[in-house]
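Please read this briefing alongside the sequence and the model.

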Amino acid sequence: MGFHEGASELSGGFLGVDIFFVLSGFLITDLLVTRYHTLGRLDLRDFWTRRARRLLPPLAVMLVVVTAAASVIEPAQEASLRLELLAAVTYTSNWYQILHHVSYFAAFSQLTTPAPLDHLWSLAIEEQFYLLWPLILWFLLFRLNGRRSRVTVTLLAAAVSALVMELQYTPGGDPSAVYYGTDTHASALLIGAALALAYPLASLASLSPAQTKRLDAAGVAGLAVLAWAIGHFSGNDPAVYPVGLILAALASACLVAAAAGNGVIAVITGLPPLRWVGVRSYGMYLWHWPVIALAAALAGSGPTSAWAWFIETGVTIALAAASWRFIETPILQNGLRATLRHWHQRLTDVRASPADVRATPAEVWGAPAEVRAGPAWRRHGTVPVTVAAATVITVVVAVFGVVRPPESATPAGLLRQVAEGQRISTASQSGHAGQPTAACRRGKLPEVSGDQVTAVGDSIMVASAAALAAAMPGIYINAQIGRQIQSGLAVIHNLAAAGKLRHIVVIGLGTNGDVTPKQLRQLRQLIGPNRDLILVNTFGPMPWEHEVNTALDAAARQGGHTELANWNQAIAADPSLLWPDGIHPQPSGAKLYARVVLAAARADLSRAQPSSCPQAN
């Protein structure tokens with residue numbers, strides 16, 4: 001949740017998914033193996049039924065509520081939401097996002113607000129694991145004798161998944177495809193499964209005191225490694241794929257094993273507050289991203305405050321707690337049919353004797369007896385009627401949002417501007433590549449010829465391409481929507497290797513993810529000491545905006561033919577020049593962007609050694 005809220009200190013917070021994967025692989029495998037030894041067989045039908053009873057009802061409620069909310073708050077999302085709903089109910093969200101090139105690490109920087117169902121990719125991987133792994137495990141139990149051989153085969157499968165990730169990952173590119181893939185991201189689940197095969201839950205809970213101390217030491221070490229990794233890695237770091245993910249999975253396995261024992265780690269994780277969070281963690285994961293995405297749509301452009309983060313976290317916890325109490329617990333204890341019959345009976349009782357029926361919300365939703373025995377919040381029979389009416393309205397709004405014609409997710413003017421920018425960017429790359437020679441001066445300010453400029457950027461530069469081409473005719477523009485710094489470095493490397501990198505290099509990246517000092521040093525090395533570097537900073541509601549701009553400003557202050565183009569300061573003076581997303585410039589804003597870049601190039605060249613200009617005829 002902290003990572004999705006944009007906490008800069010948690011740049012590696014996405015590794016939390018792998019902790020959950022390891023835990024899930026461990027628990028599911030231990031459950032299956034235990035039942036196999038008890039019954040002498042794997043009852044797959046019972047296993048899949050129990051998984052469906054646990055996972056599907058809260059997911060269905062979340063999908064209906066979020067669809068209804070999105071229909072009211074962000075109707076422009078409806079076109080994509082239909083396919084996302086289909087992917088969600090079939091547990092194929094990860095493959096949907098791969099096929100539609102949905103970037104996990106640039107969710108807040110696209111031309112639209114974040115999609116509220118983008119987080120379901122991990123649940124899709126989980127469900128695919130639940131479908132396939134029991135069959136594979138049955139084969140291992142049936143064909144392989146001995147714990148060691150089963151553990152070895154499972155770890156080999158984890159290594160194969162990591163190898164596939166290594167082979168498919170392109171350094172400098174968007175890692176989302178390998179991050180989403182079931183084949184490439186199964187290693188954590190399989191490491192958890194191997195842990196359960198090697199050290200079943202019952203054996204971990206019955207270790208000797210000396211063994212428990214060693215297990216606690218391993219748990220502390222795993223926790224330390226995870227803390228370091230979450231603060232050290234970022235989604236753009238090539239070391240993550242797969243080394244960082246494997247490291248996080250192994251550390252998680254140590255922590256999970258210690259929590260399953262009977263030592264200090266087990267006591268800490270067994271504290272009532274942590275247990276309370278643990279049993280509701282599925283609901284928290286289900287609700288946290290829709291809350292963040294819909295809140296972003298409500299708030300519009302502008303920086304996110306700490307108060308907003310607290311409110312979103314509180315709403316998420318409240319929704320997860322309500323889901324556990326009124327939906328998940330009754331269905332787990334009584335089954336779906338019995339729970340539905342109970343709800344129907346409550347409504348029937350209200351219609352039959354509305355003056356006499358009194359109910360608590362827990363009674364309405366079939367909560368367990370210990371909940372019903374708590375402090376009574378009693379109302380007349382209007383409580384079940386109100387709940388039923390709210391449910392019907394929510395379903396009707398959700399259905400209406402799915403079937404009505406969708407609105408455009410992006411202003412038509414911005415779409416035309418981006419399309420024109422893409423055309424200009426492509427056309428500029430076929431032009432003559434200027435040699436890396438210094439620009440000349442005339443009078444007080446040096447002349448900046450577009451033939452001497454290479455510009456690499458993201459969607460901000462795409463939207464400003466026409467203005468850049470007008471301000472510096474002949475400029476080489478390589479801009480792409482969703483581009484991050486690692487991809488930009490790859491472009492610079494390829495241009496330099498091909499001898500097509502010009503004297504002035506303009507970098508407009510940072511909208512789609514963080515930019516580190518290490519990456520800026522790498523950029524400086526790629527362009528060489530004799531070229532001028534112009535760094536364009538960022539503006540927008542992205543949580544990493546300040547961190548990126550700080551790094552860019554520090555790099556420019558170091559000198560060495562490096563200048564800052566302060567787009568942030570220029571557009572902050574008149575944000576009305578931006579489209580409603582608060583990120584992309586309108587045509588008038590694009591002209592300001594081009595003037596800022598041109599001024600920075602002139603300022604940088606004015607401090608360089610003057611060179612002679614060719615004489616006009």
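**Cavity, salt bridges and helices**

The lining of the second largest cavity is made up of six nonpolar, four polar and one charged residue, where Ala, Val, Leu, Ile, Met, Phe, Trp, Tyr, Cys and Pro count as nonpolar, Asp, Glu, Lys and Arg as charged, and the others, Gly among them, as polar. The model is predicted, so local features need pLDDT of at least 70 and side-chain atom pairs count only at pLDDT 80 or more, while totals for chains, interfaces and linings use all residues. Residues are numbered from 1 along each chain as its sequence is written, and side-chain values use heavy atoms, with hydrogens and water left out.

**Cavities**

- There are four cavities of 30 Å³ or more, a cavity being a set of points on a 1 Å grid over the protein atoms alone where a 1.4 Å probe fits but cannot get out.
- The second largest cavity holds about 70 Å³ of space, and its lining residues (those with an atom within 4 Å of a point) include Asp 458, Trp 567 and Tyr 593.

**Salt bridges**

- The count of salt bridges is five, each being a side-chain nitrogen of Lys or Arg within 4 Å of a carboxyl oxygen of Asp or Glu.
- Glu 328 and Arg 54 form a salt bridge at 2.6 Å, N to O, and this pair links distant parts of the chain, with Glu 328 in helix H15 (residues 306-334) and Arg 54 in helix H2 (residues 44-73), 274 residues apart.
- Glu 328 is buried at 3% relative accessibility and Arg 54 is buried at 15%, where buried means under 20% relative accessible area, exposed over 50%, and partly exposed in between (1.4 Å probe, protein chains only).
- Arg 557 and Asp 553 form a salt bridge with their closest N and O atoms 2.7 Å apart; the two residues are four residues apart in helix H25, and so are separated by about one helical turn.
- Arg 557 is exposed at 69%, whereas Asp 553 is partly exposed at 25%.
- Arg 35, Asp 46 and Arg 50 are linked in a network of salt bridges.

**Helices**

- Helix H5 (residues 121-143) has 23 residues and spans 33 Å from its first C-alpha to its last, close to the 33 Å expected, which is 1.5 Å times one less than its number of residues.
- H5 bends by about 30° at Leu 132, with Pro 134 following within four residues; the bend is the angle between axes fitted to the seven residues ending there and the seven starting there.
- Ala 554 lies in helix H25 (residues 545-557), helices being DSSP runs (H or I, at least four residues) numbered from the N terminus.

Technical notes
1 Å grid on protein atoms, 1.4 Å probe; cavity = no way out; pocket = protein on both sides within 12 Å on 5 of 7 lines; lining within 4 Å. Points joined across faces, edges and corners; volume = space filled by probe spheres on them.
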